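Please open the model in your viewer with the sequence panel alongside, and keep a selection tool at hand. The tour below goes from one selection to the next and says what is to be found at each stop.

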Amino acid sequence: MANYHPNNELLMSFAAGQLPNSLGIMVACHLEQCHSCRQQTHLYEQLGGELLGDLPEETVGTNVLSRILDRIDEPVSAPSLATLNQGDLAIPRPLRRFIPGSLDTLEWSGMTKSIREFDIEIEDPQFKAKLYKIGAGKELPEHTHEGNEFTYVIDGSFADKTCQYHEGDFILADTQTIHQPRATMDKDCICFAVMDAPLKMTGIFGRMLNPFMR
Ligand SMILES: [Zn+2]
């Protein structure tokens with residue numbers, strides 16, 4: 001059960017179908033796991049429907065969420081992805097068609113041996129989407145963000161100075177956040193991250209890595 005959730009503003013934008021693609025997919029991943037955010041989103045949809053109540057019914061619709069989830073399941077334009085993807089159930093359903101094959105066979109690239117990343121091709125002019133895999137007990141270099149970074153925990157868990165995050169959690173780091181996420185010892189941590197600016201490394205190790213992080 002998730003402890004960290006998208007804020008109401010995000011859920012409202014999601015219900016209105018107004019989130020950028022990457023972020024919308026991430027919110028959809030969380031909604032699959034989180035009953036209370038699903039309920040909240042349905043409320044916003046109904047509210048939106050009432051506010052727009054004067055418009056002809058077919059243009060309004062009342063169930064944006066299911067329409068969005070349906071759309072996510074539509075075949076991708078690039079057939080290679082669709083055919084490659086046999087559906088790794090470990091990948092959240094809304095994200096699955098963007099990840100070729102399974103998490104185990106993915107061609108991770110990496111900053112280091114224990115910190116791997118994979119660029120996710122989602123059409124989105126604003127945000128970049130990635131998967132991160134942090135080895136059990138390993139940590140990312142301390143960093144802050146020039147923009148916003150949203151993280152969704154797919155598997156495992158990680159901690160920073162103040163909190164611990166688990167599967168299903170939805171986390172926002174902004175320019176005020178300096179953190180050094182560390183995967184817990186029990187297993188690798190896999191996260192889906194969406195960011196609108198590159199990370200900015202703050203520690204010594206971080207500064208060494210900075211030129212490689214684009
Ligand atoms: Zn939630």
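**Around Asp 169**

Is Asp 169 buried or exposed? It counts as buried, because 22 C-beta neighbours lie inside 10 Å and the cut-off for burial is 20 or more. Leaving aside residues up to four places away in sequence, Asp 169 is in contact with Ala 2, Asn 3, Tyr 4 and Val 153.

Next, display the strands, six of which make up an open sheet with antiparallel pairing, in the order 1-2-3-10-5-8. Strand 1 (109–110) and strand 8 (170–173) are at the edges, and each has a single partner strand, so that one side of each is left without a neighbour in the sheet.

Zoom in on strand 1 and strand 2 (residues 115–120), which run antiparallel and are joined by two bridges; these two strands form a hairpin, with four residues between them. If you select the facing residues, you will find Gly 110 opposite Arg 116 of strand 2, and Ser 109 opposite Glu 117 of strand 2.

Keep Glu 117 selected and move on to strand 3, where the bridge partner of Glu 117 is Tyr 132. Strand 3 (residues 128–134) runs antiparallel to strand 2 and is joined to it by six bridges.

**Where to read with care**

Finally, colour the chain by pLDDT. The mean for the protein chain is 81, with 75% of its residues at 70 or more. Which elements have the lowest and the highest mean pLDDT? Helix 6 (residues 79–84) has the lowest, at 46, while helix 2 (residues 21–33) has the highest, at 96.

Select residues 76–85, where pLDDT stays under 50 and the model has 15 contacts beyond four places in sequence, and then residues 209–214, where pLDDT also stays under 50 and the model has nine such contacts. Where pLDDT is low, the predicted coordinates should not be read in detail.

Terms used. Residues are numbered from 1 along each chain as its sequence is written. This is a predicted model: local features need pLDDT of at least 70, side-chain atom pairs count only at pLDDT 80 or more; totals for chains, interfaces and linings use all residues. pLDDT is the predictor's confidence in each residue, from 0 to 100. Two residues are in contact if their C-beta atoms, placed from the backbone, lie within 7 Å. Two strands pair if DSSP finds at least two bridges between them. A residue is buried if 20 or more other C-beta atoms lie within 10 Å of its own, exposed if 12 or fewer, and partly exposed in between; C-beta atoms are placed from the backbone.
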